[in-house]
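Subject: Structure handover

Hello,

Here is the structure I promised you. My notes follow below it.

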Amino acid sequence: MPDQVTHFIGGVPVAEGATFAACDPVTGRQIYRVHEADRDVVDRAVAAARAALPGWAALPAAERAAWTRRLGDAIEERFEDLVAAEIADTGKSVTQTRTLDIPRGAANFRSFAEIAAQRPDSAFHLADVLSYTVRRPLGVVAVIVPWNLPFLLATWKIGPALAAGNTVVVKPSEHTPGSMAVLAGIAASIGLPPGVLNVVNGFGPGSTGQFLVEHPGVDAVTFTGESRTGSSIMKSVADRVKPVSFELGGKNAGLVFADADLDAAVEGCVRSVFTNGGQVCLCTERLYVERPVFAEFVARLAGRARELAFGRPEDEDTVMMPMISAEHRDKVLSYYALAGDEGAEIHAGGGAPRFGDERDGGYYVEPTVLTGLPHDSRVNREEIFGPVCHVAPFDTEAEAVALANDSEYGLAATVWTSSLGRAHRVAQSLETGLVWVNTWYLRDLRTPFGGVKLSGIGREGGTHSLDFYSEPTTITIKLEPGHD
Ligand code: NAD
Ligand code: 6OD
């Protein structure tokens, strides 16, 4: 592990700016220091990206795709370094990091290389008029990402942005800069043209993130994070009308019908509620269960929650990971306390575990299952972003859909049923960008991904990403002289 994390500008590391501590969420101890990019450093990163833009944008799509693919391949070569960096920053389990976070980074580059290389332009021929469309990159794209799936979410944006001909300045979360530092090293080692990929570190408001999105040399912003941060970024780029793509928060519902395979539903909900310590925007925080199976479902889910292993990240059977920071742990625990104050019955968890070792300095909370709260309680309304769900009974399909849709958010929902008709009907009635039936977080990278309401603007994934990261120009040619 390096003792400091630097920026990466124009193909070289840049160790400038005051430093701040990055802490290990497992123990709370400092692991290294991170340089914070001030306005001057951000200026230089944007200038490097602008200088690289004409050459990169002019490359044939197939050549950019080859570079993008090479980044994916090189991730495999530095796999263990990336696993180590991601675990150090987040405390997530080695099993998840090896099977989800890092492989998805490689897949993000490879998939978008493929999709971009094969993308046709459209043409329309009408009598003596030919109209066709060419797509141009947006320019310099600011990529701002959160801490929960740091490598997966950054590469999900960098891959298509580069394949579409943009150059990027990436700002990872202040909590999780490690894996982007490794990616920067990978870019340098494969000889990616300097300035195509730049990384600056720092905080959000009044710091690196804000300087970057407001920079006049940045043409577009792609952001994943909290809804209120999205709203504030939108305001700060409004004057320049910069294109934005936002993947924001969620308060996702799961609907369990009495005709569901209950074993599969319980295990699926264990995943959808507790994966990554509940710190995935797609995690379920509200479960609605049809009354005949409600009591059994709650008992089984709570039983499974109590069993989830709190090992160390390097133990292969560890499931539970810490919250990212002391502040976030305190926020989650404050919702556990609020649930008690609001009259919840706590079936599992409700507090912070004690280990009797160095992990007591870390940021762990217990997986928690609640019932008995009113639909309008804050616990049922606000995104908690921890390993917790509230379970409520319902009596009719219409009631379940109405409860699920009664939210300011609209990112994802899950439906558990054995009826094909119900699956289609309910899935099409849910006001979310994503619905999973009898599964959760099963991804096909070609599909549109994103949310409605407070959960985001726009869709990324497959050609939808390429649509965002490029602008069409329609060219209309009159083929024969004559009247228009
Ligand atoms: P956050 O909004 O606090 O921060 C995200 C990133 O934005 C960080 O890099 C941060 O430094 C930066 N930032 C903050 N304020 C900024 C500003 N004013 N200008 C520019 N940059 C700024 O989010 P977080 O706490 O890191 O992540 C958790 C949140 O992200 C949750 O709400 C979660 O639901 C959401 N999320 C959504 C998705 C999705 O796909 N919809 C995916 C992951 C996380
Ligand atoms: O899988 C993805 O592509 C994606 N964008 C996941 C987002 C997860 C949110 O925490």
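In which hand does H2 cross H6? H2 passes H6 in a right-handed crossing. (A crossing is right-handed if the near helix is turned clockwise from the far one by less than a right angle, and left-handed if anticlockwise.)

Some ground rules. This is a predicted model, in which local features need pLDDT of at least 70, side-chain atom pairs count only at pLDDT 80 or more, and totals for chains, interfaces and linings use all residues. Residues are numbered from 1 along each chain as its sequence is written, chains are lettered from A and ligands numbered from 1 in written order, and side-chain values use heavy atoms, without hydrogens and water. Helices (H or I, at least four residues) and strands (E, at least two) are DSSP runs, numbered from the N terminus.

The helix pair: H2 spans residues 61-77 and H6 spans 178-190. Their axes are 10 Å apart, at an angle of about 120°. Axes are lines fitted to C-alpha atoms, for helices over the stretch in contact; angles run from 0 to 180 degrees between N-to-C directions. H2 and H6 are therefore oblique to each other (under 35 degrees is roughly parallel, over 145 roughly antiparallel, 65 to 115 roughly perpendicular, the rest oblique). From H2, Trp67, Arg70, Leu71, Ala74 and Ile75 meet Leu183, Ile186, Ala187 and Ile190 of H6. Contact means heavy atoms within 4.5 Å. Eight of these residues are nonpolar, none is polar and one is charged (Ala, Val, Leu, Ile, Met, Phe, Trp, Tyr, Cys and Pro are nonpolar; Asp, Glu, Lys and Arg charged; the others, Gly among them, polar).

The sheet: it is open, mixed and seven-stranded, in the order S15-S16-S17-S14-S13-S19-S20. Strands pair if DSSP finds at least two bridges between them. The twist averages 25° from one strand to the next. S14 (284-290) and S17 (388-394) run parallel over five bridges. Arginine 286 stands opposite histidine 390 in S17. Helix H10 (291-307) packs on the sheet, touching S13, S14, S15, S16 and S17. The direction of H10 makes about 145° with that of S14.

The domains: the assignment gives domain 1 (4-248 + 455-474) and domain 2 (252-437). Such bounds come from an automatic or database domain assignment. The C-alpha centres of the two domains lie 30 Å apart.

One residue to look at: glutamate 397 is in helix H13 (397-405). Leaving aside neighbours within four places in sequence, glutamate 397 contacts Phe257, Arg422, Arg425 and Val426.

Best wishes
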